[in-house]
Amino acid sequence: MKINEHFLDLSENYLFSTVGAKVSAFQKAHPDRKVIKLSIGDVTCPLAPAVIAAMHRAVEDLAHAESFKGYGPDRYCYGYDVLIDSIKGSYARKGVRISSDEVFISDGAKSDLGNLLDLFSADNAVLIPDPVYPAYVDSNRMAGRRVLFADANEENGFLPMPDEGVDADLIYICSPNNPTGAAYNRQQLKAWVDYAIRKGAVILYDAAYEYFIEDPTLPRSIFEIEGARECAIEICSYSKTAGFTGVRCGYTVVPKELNRGGASLNRLWARRQSTKFNGASYIAQMGAAAVFTEEGEREIAANIDYYRGNAKTIAHCLEELGIWYTGGKNSPYLWMKCPNGMKSWEFFDHLLERANVVGTPGSGFGKNGEGFFRLTAFGTADSTLEACQRMRELLK
Ligand code: PLP
């Protein structure tokens, strides 16, 4: 037999495992030091009370023969109507109309971002921004796909725009972006949609951080952009919106107008999911259905405001220190330039050893991330304040 040798082309460790290993080694060597992690992409606020109540009710349903649920309904690839309706309601509030059979419930964005590749030939050229969330590149490399990079840098504010000279078939866009926190405006997204239509390409639009958008002029869904229904798939998640990183639930919207190679991608995705996926758990789906209720939205907004407060704390600190950064507004991520021309891992070690603060080296997100560093607003308010105080002392 032969293994999939493309796995051998991947780097040995996923970025966050390397960061974790370095921090563990430091803590082992210095057990007396209190390390603060501004590196975490995970949330820290507990689930909203409306979500918890809905999940308790769901557990109770499972406890009785009359209300017990097994596999989810076949009709919408195992998504329950109550959840699909609430997602449609959330889109309607953004001025976007979608139909029930365009919504596919998932166990989170990461799985769908990788699994969607099943629909596309390995011959396709994939355009991925650099720097970016590492899972996009790795999941394409695993299938041996050719990866092209769209350079994001200080000059373009880490928001690369389409280049007519590049022929891409699949395009990843993540806005607000992980790791840079930069978010596209309407005109910029329209340029990407027009480019995708001209090239016959498909955009995989990762909207995992859309709930962090504060600026009402910024689009929260690619389907707010004219033409997107013919060229885009949107991948969403309750992870950062509502603290579901441990619960696991998300959704992907595949519009019915999206056809390639004479086939409806909506139908292909339904076929793929019904073959390889058996749905997100009933408890997770019922909890998720509570997120976009009036009560749920009010409660998750309070959690997001808490993280926004942390983002402001970090932003003030960087401004005081005269350090260039993007993000922090419309995003839980701040993307800073390493001081004194330091390289990303050099600054990582400096900050860990001297201030006992952990961030994520920008170079781990792509070559254009070299010399940059990602900080996140997902910690507690107290630890964020303390980390900033330590950074002020170290870097002033
Ligand atoms: N997309 C981006 C850009 C992310 O940063 C993350 C998680 O950090 C995900 C997707 C994964 O989300 P989920 O927890 O829904 O799998």
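**A walk through the sheet and its helices**

Hi everyone, let's start with the sheet: 7 strands make an open sheet with mixed pairing, in the order β2-β8-β7-β6-β5-β3-β4. Its edge strands are β2 and β4 (146-151), each pairing on one side only. Neighbouring strands here are turned by 20° against each other on average, direction ignored.

Some background before we go on. This is a predicted model, where local features need pLDDT of at least 70 and side-chain atom pairs count only at pLDDT 80 or more, while totals for chains, interfaces and linings use all residues. Residues are numbered from 1 along each chain as its sequence is written, and side-chain values use heavy atoms, with hydrogens and water left out.

Helices (H or I, at least four residues) and strands (E, at least two) are DSSP runs, numbered from the N terminus. Two strands pair if DSSP finds at least two bridges between them.

Now look at β3 (residues 125-130) and β5 (residues 170-174), which pair in the parallel sense over 2 bridges. Leucine 127 stands opposite isoleucine 171 in β5.

Next, the helices on the sheet. Helix α6 (residues 186-199) lies across β3, β5 and β6 (202-206), and runs at about 170° to β5. Helix α8 (residues 265-276) packs on the sheet as well, touching β2, β6, β7 (232-237) and β8 (250-253), and its direction makes about 30° with that of β2. Such angles run from 0 to 180 degrees between N-to-C directions, with axes fitted to C-alpha atoms, for helices over the stretch in contact.

What about helix α9: which elements cover its buried residues? In α9 (residues 282-289), 7 of the 8 residues are buried, meaning under 20% relative accessible area with a 1.4 Å probe, protein chains only. Among the buried ones are Tyr282, Gln285 and Met286. The cover includes α2 (49-62), α3 (81-93) and β2 (103-106).

Between α3 and β2 there is a loop, and lysine 94 lies in it. This lysine 94 counts as buried because its relative accessibility is 14%. Beyond its neighbours within four places in sequence, lysine 94 is in contact (heavy atoms within 4.5 Å) with Glu210, Arg220, Ser221 and Glu224.

Last stop: α10 (residues 294-320) and α12 (residues 381-395), whose axes come within 10 Å and cross at roughly 5°. The two, α10 and α12, are therefore roughly parallel, a label for angles under 35 degrees. Residues that meet there include Tyr306 and Ile314 in α10, and Leu385 and Met391 in α12.

Terms used. Buried means under 20% relative accessible area, exposed over 50%, partly exposed in between (1.4 Å probe, protein chains only). Angles under 35 degrees count as roughly parallel, over 145 as roughly antiparallel, 65 to 115 as roughly perpendicular and the rest as oblique.
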